[in-house]
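Biologist: Can you walk me through this one? I have the sequence and the model open.
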Amino acid sequence: MIRSVLRGTGSALPRNCVTNAQLAERVDTSDDWIVERTGIRQRYIAGEGETTSSLAIEAARRALEAAGVEASEIGLIVLATATPDYTFPATATQVQQALGCRGGVAFDVQAVCSGFLYAMATADSLLRTGMAKKALVIGAETFSRILDWDDRTTCVLFGDGAGAVVLEAQDVAEDGPGILATRLHADGEHCDLLHVDGGPSSTGTVGKLRMKGREVFRHAVVNLAEVLREVLADVDMGIQAVDWVVPHQANARILDATARKLGLPAERVVVTVDQHANTSAASVPLALDVATRDGRIKPGDLVMFEAMGGGFTWGASLVRM
Ligand code: ACO
């Protein structure tokens, strides 16, 4: 059967690391409050010359190198972001140009924090139809540029970064590697709970992120536990079969509550929220790259990705490495 196989991962972070203590010098907050409520200890913030595309390009180069794939072999680039360099062209085409990939298909996907899951599902579908043989799937964000730095309830939660994977359509055995199952959801009913209050067609401005954190938290735990169960049911497996869960890194308490709801041991959850904070669409591929490079995730492992974000959008995907 034809499956999309994950060949390599890469990631990139801005140069500037900002600790909670440094943030507390400019906003009315404290290291204790942020660590206790979120688990976040630091985040990376893009400086001059660092943009969503520059981070995406760096992450993509590292993923290509890890996969042993030349840029010229890539026929499809799907890039998830809610913070593109420009309204258009798509950031994916900037990556295509910088890498020197000629031809093929390149476009952006916008599903906020679930963006990487949506992008991977899109690439997986196109690879399995034969539209391309090898794809780059990237999550890249500079949320620091849409934060209200006077709003302590949101500005402490986010960071910038990018992660990328190379997928290849391969003819594999039933128990071989690749994306085994994916479920995506969206429910526009709650779009006001997490949104940006501007855009080209409404205000003509970029806008700032607004969030009712407590309500988002409640929806996140319920939706994530449900979608994980759906994916496991699709492949007729229990949570004990999963070697690693690589979740969207929003808040350590969401990760703990979701793991508890599923009976998943905490040591099988990859956690990077303490280091990177919430990097939206970049968070899943960034955490995946960290856990792959430090040797935790190995070939043959069953890995579950999951995310939820503004919209609401949410989803999960089970991959054999
Ligand atoms: N520093 C100090 N105090 C703060 C800060 C801060 N940075 N932010 C808020 N507070 C205060 C509030 O003003 C409030 O004070 P009050 O009681 O005097 O009014 C108090 O702390 C409690 O505020 P709550 O908002 O009720 O705190 P809560 O325990 O809900 O934690 C948080 C807030 C961390 C935002 C939590 O709700 C959360 O993580 N929600 C999930 C949101 C999220 O992660 N969204 C990301 C995108 S969606 C996703 O990725 C799943």
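Modeller: Keep in mind that this is a predicted model. A place to begin is helix 7 (residues 213–234), which lies across strand 8, strand 12 and strand 13. Helix 7 runs at about 145 degrees to strand 12.

Biologist: Which other helix lies across strand 8, strand 12 and strand 13?
Modeller: Helix 5, residues 115–128, lies across them and runs at about 125 degrees to strand 8.

Biologist: What is the strand order in that sheet?
Modeller: The order is 8-13-12-11, in an open sheet of four strands with mixed pairing. Strand 8 (178–186) and strand 11 (244–247) each have a single partner strand, so one side of each has no neighbour in the sheet. On average, neighbouring strands are turned by 15 degrees against each other, ignoring direction.

Biologist: How do strand 11 and strand 12 run, and how many bridges join them?
Modeller: They run parallel, joined by four bridges.

Biologist: Change of topic. How many cavities of 30 Å³ or more are there?
Modeller: One. The largest cavity holds about 50 Å³ of space.

Biologist: How many of the lining residues are nonpolar, polar or charged?
Modeller: Eight are nonpolar, one is polar and one is charged.

Biologist: Now the backbone. Where are the cis peptide bonds?
Modeller: One joins F88 and P89, with omega about 5 degrees. P89 is in the loop between strand 4 (76–80) and helix 4 (91–99). Another runs from G311 to F312, with omega near -10 degrees, and F312 is in the loop between strand 12 and strand 13.

Biologist: Why flag those?
Modeller: Because most peptide bonds are trans, and most residues other than glycine have a negative phi.

Biologist: Which residues have a positive phi without being glycine?
Modeller: V112 is one, at about 50 degrees, and S280 is another, near 55 degrees. V112 is in the loop between strand 5 (105–109) and helix 5. S280 is in the loop between helix 9 (273–276) and helix 10 (283–293).

Biologist: Is V112 buried or exposed? And S280, buried or exposed?
Modeller: V112 has a relative accessible area of 19%, so it counts as buried under the 20% cut-off. S280 is buried too, at 1% relative accessibility.

Note on methods. Residues numbered from 1 in each chain as written. Predicted model: local features only at pLDDT ≥ 70, side-chain atom pairs only at ≥ 80, totals over all residues. Heavy atoms only, no water. Pairing = 2+ DSSP bridges. Helix = DSSP H or I, 4+ residues; strand = E, 2+ residues; numbered from the N terminus. Axes fitted to C-alpha atoms, helices over the stretch in contact; angles between N-to-C directions. Contact = heavy atoms within 4.5 Å. 1 Å grid on protein atoms, 1.4 Å probe; cavity = no way out; pocket = protein on both sides within 12 Å on 5 of 7 lines; lining within 4 Å. Points joined across faces, edges and corners; volume = space filled by probe spheres on them. Nonpolar A, V, L, I, M, F, W, Y, C, P; charged D, E, K, R; others polar. Buried < 20%, exposed > 50% of the residue type's maximum accessible area, 1.4 Å probe, protein only.
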